[in-house]
Amino acid sequence: MIGALLERLRRAEEATRPAQPEMLAALRRRWEELPDHVRHPAQLLGRRGLGCEGTHGVFPRCNLACTPCYHSRDANRVRVDGAHTVAEVDRQMAYLRARRGPRAFAQLIGGEVSLLDPDDHAAALQAMRAHGREPMSMSHGDFDWDYLRRLALGPNGRPRLARLSFAGHFDSLMYGRRGIPRPGSERELNPHRRRFCELFQRLEREHGVRHYLAHTMTVTPRNLDQLAGVIRDCRHMGFRMFAFQPAALVGDQRRWREDYRALTADMVWAEIERGAGARLPWQVIQVGDARCNRTAWGLQVGDRWIPVLDDRVPADLQARDAFFAHFAGVDAGAPRLLLAARLVRLAARHPRIVSLGLRWVGRLLRRAGIWRLLRHGARPLTFVMHSFMDAADVRPAWELLQRGQRSHDPRIRATQERLAACSYAMAHPETGELVPACVQHGVLDPAENLALRRLLPLLPSGRQRPADGTPRRPLPG
Ligand code: SF4
């Protein structure tokens, strides 16, 4: 009896540890692997997160068309095959679990995810969760209520997934969307963006399945000046994140229509700020290399966006440092009671975080304004910019990296630095490699899709005739 009691206490003690030792070890490993130039106080990788992960070669096909398109020209000649998808997702996620660590965000990404049968889609998400991954499905969003319902509910009509995360990719560079095959502007797509959000709101209302929605969008010189309008028009629709990807010269060359190099990160970020109506302090917390990622976390309070941390406020920097120092490995997605118990233990061990936390909340309330908060409430809203690199730079940079050599060409050298600090990995269990998504799309996809085309040829019936291109862009992690 005493033995059983002691055993229970031991298990409770283990479960309520603020962070699990395996996750702490994975974070330490990640930090040590990072190159020196990104090991600075603002770096999130190796302190709070392991980075983002994505699938590849699991369903390359898509039924819309994009200019530009990141997918190789053979992607649309591969059949969508649920059994292949689920087995391959399971294999890749198992490898990431073993190599990277117990928990990470991962994107179910390839061609268009809604071409998967809903049961196969659900099985792929469940496989990702089984390996400790928090999955996000990447879609063009052109699907119906029936598809979403069948994805979320099992054959017994009850939810088989408690929560769904989706990124809807909407921009005027995509062709073939039902009801608006050739959008003339970003604004014309707003009813489709709204409809996408409303599908998930209905799912939550009618079946209790929660959701997290991101809006992703490719940026080229053609739609740059419309980006701010998209944010202003759509920030109250229900998206929790707006992620922008300046176009890169990667994928199907037939679909490169503009001089994408005319865009700079500062130009795109300035437009995002114009849309948010606020300065977006991306330097306070960084994910990997700043040339790849900019992220600003904040709250939308009425029409005002408030940063959760401001890089011009020393007390906020102090709060960030304490957060990184003491909240490493704390699983914010744990069941609420368990999370509360862990936080109590954390506070008992480091009482200073309580006063730091309270002062931080006070600053946040002042920034937002109490009356405005009471009137509008607050919704978390994150802005992201992820800048993929041109395949012509990635190929030589990757080849040299694999040989352990550094390039003398400053442009290729910069590419190598970014690849070494990559925050968005894809798994190759067959070779034992984790590769940056830039390498996957710019170097490996063509041969991979050619092999898949032979493995999974299109059905002779013509039911899955290829569309001429693919529309999605990966989302940064
Ligand atoms: S995928 Fe490319 S752009 Fe994205 S973080 Fe990795 S190296 Fe940088």
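In this predicted model, 14 residues lie around the ligand, and of these C292, C422, P436, A437 and C438 come nearest. Two elements, helix 14 (410–420) and helix 15 (437–455), are those that give two or more residues to this shell. By class, the shell around the ligand is made up of 9 nonpolar residues, 4 polar residues and 1 charged residue.

Turning to the helix pair, the axes of helix 7 (residues 227–234) and helix 8 (residues 265–276) come within 7 Å of one another and cross at roughly 30 degrees. Because angles under 35 degrees count as roughly parallel, helix 7 is roughly parallel to helix 8. The crossing of helix 7 and helix 8 is right-handed. On the side of helix 7 the contact is made by L227, A228, G229, V230, I231 and R232, while helix 8 brings in E271, I272, R274, G275 and A276. The contact of helix 7 with helix 8 counts 6 nonpolar, 2 polar and 3 charged residues.

The class counts of the two sets of residues are set out below.

As for confidence, the mean pLDDT of the protein is 93, and 96% of its residues reach 70 or more. Over residues 461–477, however, the pLDDT is below 50, and this stretch has 69 contacts in the model beyond near neighbours in sequence.

Conventions
Residues numbered from 1 in each chain as written. Predicted model: local features only at pLDDT ≥ 70, side-chain atom pairs only at ≥ 80, totals over all residues. Near = placed C-beta within 6 Å. Helix = DSSP H or I, 4+ residues; strand = E, 2+ residues; numbered from the N terminus. Nonpolar A, V, L, I, M, F, W, Y, C, P; charged D, E, K, R; others polar. Axes fitted to C-alpha atoms, helices over the stretch in contact; angles between N-to-C directions. Parallel < 35°, antiparallel > 145°, perpendicular 65-115°, else oblique. Left-handed = near helix turned anticlockwise from the far one by under 90°. Contact = placed C-beta atoms within 7 Å. pLDDT = per-residue confidence, 0-100.
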